[in-house]
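User: I'm new to this one and would like to learn how to read salt bridges. Can you walk me through it?

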Amino acid sequence: MSQLTVYGVAQSRAARTLWMCRELGLEFDHQPIHFTDPKLHSDDYRDINPNSRIPSIRDGDFSLWESMAINLYLAKKHGGELCPRSLQEEALALQWSFWVMTEVEKPLLNVLLQRATFPAGSAEEKYFRERVPKDPGVEAANIQALERPLSALDSELGGRSWLVDDRFTVADLNVASVLAWARRAQLDLGPWPHLSGWLDRCLARPAAAAAKRPQ
């Protein structure tokens, strides 16, 4: 049995951690707990994540939650090309991970949920119908809110392939794992060609595709 356990279905923020595990070639146990599952509120799971959310990991006796923190931890623990090689690279990985969560994730998720459809009668359909009423005004406002951060990222990627140095790192993975929602939402990225090309390179990696499949 693997020392590392990842909690959360691939159709959630846990996809970010599953992608990281695949990139690193780790052996791990996957517990595909759904975000609607009552198990999230059990005492056993709250011992791992007191917020009753996914993803979380247990690595031996160590538990950790929050997808960006998990990925930074795994990259640093296991090393390799994804890991920052200097204090400056680590600072940039932190910068971009914080940035995508504070500037991009919320408005992009709002756009995705406004555009998403779920099978009638499914747990997802019931969950989001009750929490996210369809409103064209909400969609438009959140698309507008994305313009400045997406322009900033596009400018950063002009003339370079990756966010840190000249290789794919945890910074790219963390940011791309959020921006992947833009593809799911069919958001037009035409105004940001550097961003769009970079995102395609990230999502074309075999580990990104493997993360969507059951363990």
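Analyst: Happy to. A salt bridge is a side-chain nitrogen of Lys or Arg within 4 Å of a carboxyl oxygen of Asp or Glu. This is a predicted model, where local features need pLDDT of at least 70 and side-chain atom pairs count only at pLDDT 80 or more, while totals for chains, interfaces and linings use all residues. Residues are numbered from 1 along each chain as its sequence is written, and side-chain values use heavy atoms, with hydrogens and water left out.

User: How many salt bridges does a search of the whole structure find?

Analyst: The search turns up 13. Take Asp59 and Lys77: their closest N and O atoms are 2.6 Å apart. Helices (H or I, at least four residues) and strands (E, at least two) are DSSP runs, numbered from the N terminus. Here Asp59 sits in strand β3 (residues 56-59) and Lys77 in helix α3 (residues 67-78), so this pair links distant parts of the chain, 18 residues apart.

User: Is Asp59 buried or exposed?

Analyst: Buried means under 20% relative accessible area, exposed over 50%, and partly exposed in between (1.4 Å probe, protein chains only). Asp59 counts as buried because its relative accessibility is 7%, whereas Lys77, at 42%, is partly exposed.

User: Which residue does Glu90 form a salt bridge with?

Analyst: Glu90 pairs with Lys76, with the closest N and O atoms 3.0 Å apart. Glu90 lies in helix α4 (residues 87-115) and Lys76 in helix α3, so the bridge ties together parts 14 residues apart in sequence.

User: Which residues are linked in a network of salt bridges?

Analyst: Glu81, Arg85, Glu89, Asp165 and Arg167. Within this group, Arg85 bridges to Glu81 at 2.9 Å between the closest N and O atoms.
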